[in-house]
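The following exercises concern the contacts within one chain and between two chains. Each task is followed by a worked solution.

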Amino acid sequence: MAKKKLILYALILVFTFIAPFAFPAYGTQLATLWLMIIVAITWDMTGGQMGYNSLGNIFFYGTGMYVAALISIGQVYDVGEYTSAAGGGIYEFTDAQYFSGLFLGVISAGIFCSITAVLIGYITFGLRGPYFAIGTLAVAIAAGELVSNWEWVGGGQGIALPVYPGDLDVGKTFFYFLFASVGVSVFIFVKWLYGTRFGAAINAIRDDEEKAEAMGIHTLRYKLITWAMAAFFVGMAGGISGFQLIHFEPLETAYQTINLGIFMVVCVLLGGKGTLWGPVVGAILFHLFKEVTWTYFLGWQWVALGALIVVTVVYFQDGVMGWVMRKRPEWFGIRVEESK
Amino acid sequence: MDQILSNLSMLVDFPIVNLKILIDGIMIGAIFVLVAYGLALVWGVMNVKNLAQGDFVISGGYVSWWLVQQGFPALLGVPVAFVVMWGVGWVAYKLVISRVIERDMFTSLLATFGLAIMMAQILNLMFGSDTQSVDLGYDTLFFADGLIDVPIAKLIGVLMATVLAASVIWFMKTSRMGQAIRATAQDARAARVMGIDTEKVYAFTFSLNSAICGAAGAIIVMVWLIQPFYGIAYAIRAFVIVTAAGLGNLPGVIAAGLGIGALEQFGAHIFGIGYQQAIAVVLLLIVLIIRLIQQKRNRQVLK
Amino acid sequence: MTAIIEIQGVCKAYGGVVANKEVSMEIKSGGITGLIGPNGSGKTTLFNSVVGYHPIDAGSIKFEGKEISKLQVQDIARLGLLRTFQQTRIYGLMNGVENMLISLPHRKMNLWDALKPNSKEDYEKADRLLEFVGLYEKRLLKSGALSFGQQKLLEFAMALMNEPTCLLLDEPTAGINPTLINGLIDRLKRANAEFGITLFIIEHNMRVIMNMADTIYCMAHGEMLAQGTPDEIQNDQRVIDAYLGAH
């Protein structure tokens, strides 16, 4: 069994490496797929494993995007001047400046988002159930609105970042591997985390928070830490996205509450909430669905997506993994053991 | 910052402007009360937190706008929107809502969010993304040397909102269906044991909510603007009001609705119109934090 | 023996109904203290005030000398003052062992400890305590599938896993099959004697509480009526009146 699993993981890793070379035409698509996997897994950390359904995780994506961009620009130029130029002035970045800005920016984005997660979570984690969902949604919407009114960071125009220095196809592969490395790290990270006492404690919070409190688990602390860890990865993903997109603006790209912000939830529900593989499977399925509708139902794609959300939530809430688990429980080690 | 300060000082120098903003705020607040009352109804009776609330409003607005384009008088829009949105609400209930009532609350929240996206996009495909409004062609009344302007259309809108709210409340208090709805809200199982067809009550409640929203939208289009994606802001305002007032607190909903209308107008005046949406959301956060502190004092959480 | 919990003049009213009026009592460290009283006498209100479920109007509640009447539930639990629920609360989707492992005393862990997987000792301890309450054979079943009495035993074992200083039990024998009751009494006594856990028990069943407690308090109409050893309480005319409804 263990050997089979190892082979499976090895195969996936090999596929991860050759995918951009095997399907060069889909480089950006595959990178986006990894982005979906990252945001889905991190959403599941609080939503599936801890029972806190956030509608505001997109806040970290947008914030990460801005932090990474501002750090990399601020390294070289005055940010206010840079953003006010809006295509007017010419701002050059050397290769070294580009890459150091990118890496420093992306890491800072992760750290900054972790810190904001703790600060915001200190308030929002006092809210339960639907109040938490609406409260976090409000945070994300408010952030988008405020940033779009903040001229120093480009206001509603957003920010334009330098283009990848060098061949554009190499750039595509470069961003693919950036996303893939974050994605693989986050998967390994949660696989380890769910096996610890900490993982068991956040499951306890999900199943019966009042009981967990009565048993003396540091519920608030664990909730904050979990969200901060999720925010770290989402923030980094957001930072990378900013550089990949080159130009982004606050409402439609960075704090895209009703796009990516809701997609991540649908991915997790589609794949199976509270499972290790569910978010990954869900992200792949959702991405396929999205691309098909974008290609064949152009104009109606949004309606189709809304319908997908409704159908998933109403009729298929256990997701793929939940469905498999019901059909084949023995695959997941659920069996009645003979007592001795 | 300077802009904000000068806006503030204008309010201090010309007290009459405060009155104008207050009147504007209370007028839009009357609409918020309608939408929030519908939300509180659905929330209290069937424990569904409807994020599509605002899109019912906007759909109602488009029904009325479309009628006017066909040459019908604008005032007809309100009853027609009421009836049409009743039907839309009933369909939405049968297809989606009836299947999420028994589930956890996040399910209903997400399902209605999906519904909201669908409705907004369908409106966008049908009518385009421009802002629309209907001109009633009435005059504007001026008070205080022209500093306070009250369009008659606005007065009619507020009057209609009041009549609608009063008749719904009267209906809830006196009719058999109203009694059944209130009984179901208190204890659905007990109501079922006593022979109330709760399924029918749920369908009726949700349709009624949708119809109220539709009528509110028809009023909005006569006085203010609508656009396919304006819905979510109305949904959020309704949440602010219901959260601030608490469930089953009708005077509270009215007070909170009017208050939030006024706060939003003042906020938009001080910070600029670009912040209007942000103000609605920040108000929600403030209300949540206040409720949280209250609950903490009771050694409880907000759930 | 010193008092581990001191309750001084606690008042609590719901609207106009006074549930606790100037209630004072002491729970001795290392002992078994019982709280009895007819329905509606204010026992559960007092219990909820102690564990932090609602605020009190006046008075003070001290645990090991520390004022706890303003703390939240989880803060009180982290002091080592644990409670069980009358309507048993366990994690129904997990099996017995998982339930036990979740109940490890997180208050004694720093974050670094929490980020480790469960150790072999944890598993052994879980097995030992499940054995202690007689659930070892059923440890791998989904705990939601256990009978109500077995769930109560599991909840009790989970509480022991948490290594509390003081354990508050809300009607531990309510809804339990009479044949299981004797076994439960025996285990509660052993937990008190072997693990040194102070017990504070609300109980309806007179026979159970008289068999177990060394000190008994009796409440009626929101006030503390009498206190004493089981023998004294059994022969106290006021207690008899309260139960027979002489008022």
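**Exercise 1: The two domains of chain C**

The domain assignment, which is automatic or from a database, divides chain C into domain 1 (1-80 + 164-188 + 196-247) and domain 2 (88-163). The model is predicted, so that local features need pLDDT of at least 70 and side-chain atom pairs count only at pLDDT 80 or more, whereas totals for chains, interfaces and linings use all residues. Residues are numbered from 1 along each chain as its sequence is written, chains are lettered from A and ligands numbered from 1 in the order in which they are written, and side-chain values use heavy atoms, with hydrogens and water left out.

Task: Describe the interface of domain 1 of chain C and domain 2 of chain C.

Solution: 

1. Begin with the separation: the centres of the two domains of chain C, taken over C-alpha atoms, lie 26 Å apart. In the contact (heavy atoms within 4.5 Å), domain 1 of chain C takes part with 19 residues and domain 2 of chain C with 13 residues.
2. Next, take the buried area, the accessible area (1.4 Å probe) that two parts lose on being put together, summed over both. Between these domains of chain C it is about 1,100 Å², and carbon and sulfur atoms give 72% of this.
3. Then count the salt bridges (a side-chain nitrogen of Lys or Arg within 4 Å of a carboxyl oxygen of Asp or Glu): between domain 1 and domain 2 of chain C there are zero.
4. Finally, identify the elements, which are DSSP runs numbered from the N terminus (helices H or I, at least four residues; strands E, at least two). On the side of domain 1 of chain C that touches domain 2, two or more residues each come from helix H2 (73-78), strand E7 (166-170) and helix H7 (178-194) of chain C. H7(C) gives the most to that side, with four residues.

**Exercise 2: Chain C and chain A**

Solution: 

1. Chain C brings 34 residues to the contact and chain A brings 28 residues. The area buried between chain C and chain A is about 2,900 Å², with 59% from carbon and sulfur atoms.
2. Four salt bridges are found across this interface. One of them joins C:Asp122 and A:Arg197, whose closest N and O atoms are 2.6 Å apart.
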